Amino acid sequence: MALGVKALPFTFVAHVLAIAGAVMVLVWCLYFRGGLAWEASNKSLIFNLHPVLMLIGLIIIGGEAIISYKSLPLTKQVKKLIHLVLHAIALILGIIGVYAAFKYHNESSIANLYSLHSWLGIVIISLYGIQWIYGFVIFFYPGGPTGLRSESLPWHVFFGVFVYVLAVANAAIGFLEKLTFLESSGLAKYGPEALLVNFTAVVTILYGAFVILSVLSLPPVDHHDDFSYSEI
């Protein structure tokens, strides 16, 4: 399915939103929440790694991996390699981000896996890993038979978009959950930090929307390799 319009304008907007989202989550965690740390007496600094790594890694870099097919006028094989590497980076950062949340909970004597956000997070990171491994084996190395690749392709694209949309939705739930905790502890509901968190969630959702719009739009034409996303 394609919208019949060029993807390039959508990818430009997505890039701008990606930069905005990354800056906003860093300002929140570094300025308002006190910084980042792997080991600290203030355990909240450990937690701060979670939103930073999940948004910049799984959502932003993962989104850039998806739209690389529509934003780069390169050959099919180069696009495939970029797609694969960016998704690998997103997955690794996502795993570290999930671990940071567990580490914070364990060192703060907080129960794990009690919320919808945490349940979905485990499901999403697991599906993301399965999707990456399957894509690597079937489409990159050693590569599946032509028939299997053709049959798998629509499902690979659909499953990838599904997992990504789920990740964006869960990120929004995560921002809401954390902000609710902070507000219940005295954070001003209309203060600058609360507004920043809410706007970061909005930017995250908009970024995800433009990633999907890019997927549904027409890629740039490369005369050396007439390629579309559906030819992974």
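## Cavities

On a 1 Å grid over the protein atoms alone, a cavity is a set of points where a 1.4 Å probe fits but cannot get out, and its lining residues have an atom within 4 Å of a point. This is a predicted model, in which local features need pLDDT of at least 70 and side-chain atom pairs count only at pLDDT 80 or more, while totals for chains, interfaces and linings use all residues. Residues are numbered from 1 along each chain as its sequence is written, and side-chain values use heavy atoms, with hydrogens and water left out.

A search of the whole structure finds 2 cavities of 30 Å³ or more, a volume being the space filled by probe spheres set on the grid points. The largest cavity holds about 270 Å³ of space, and of the 21 residues that line this cavity, His83, His87, Gln131, Trp132 and His156 are the closest to its centre. Helix 5 (116-140) gives the most to this lining, with 7 residues; helices here are DSSP runs (H or I, at least four residues), numbered from the N terminus.

The second largest cavity has a volume of about 30 Å³ and is lined by Leu17, Ala18, Gly21, Leu55, Ile59, Ile60, Val203, Thr204 and Tyr207. Helix 1 (8-32), helix 3 and helix 7 each supply at least two residues of that lining.

## Aromatic rings

The structure holds 9 aromatic pairs, where rings of Phe, Tyr and Trp (its six-membered ring) pair if their centres lie within 6.5 Å, and planes under 30 degrees apart count as stacked, over 60 as edge-to-face and the rest as tilted. The rings of Tyr31 and Phe32 have centres 4.9 Å apart and planes at 85°, so they form an edge-to-face pair. Trp155 and Phe158 also make an edge-to-face pair, at 6.3 Å centre to centre and 90° between the planes; because these two residues are 3 residues apart in helix 6 (residues 146-184), about one helical turn separates them. Ring pairs also link Trp132, Phe136 and Phe140 into a cluster.

Tyr31 is exposed, with a relative accessible area of 65%, whereas Phe32, at 27%, is partly exposed; buried means under 20% relative accessible area, exposed over 50%, and partly exposed in between (1.4 Å probe, protein chains only). Both Trp155 and Phe158 are exposed.

Asn198 is found in helix 7 (residues 192-215) and counts as partly exposed at 39% relative accessibility. Asn198 lies 19 residues from Leu179 in sequence, and their C-alpha atoms are 8.2 Å apart in space.

Terms used
On a 1 Å grid over the protein atoms alone, a cavity is a set of points where a 1.4 Å probe fits but cannot get out, and a pocket is an open set with protein on both sides within 12 Å along at least five of seven lines; lining residues have an atom within 4 Å of a point.
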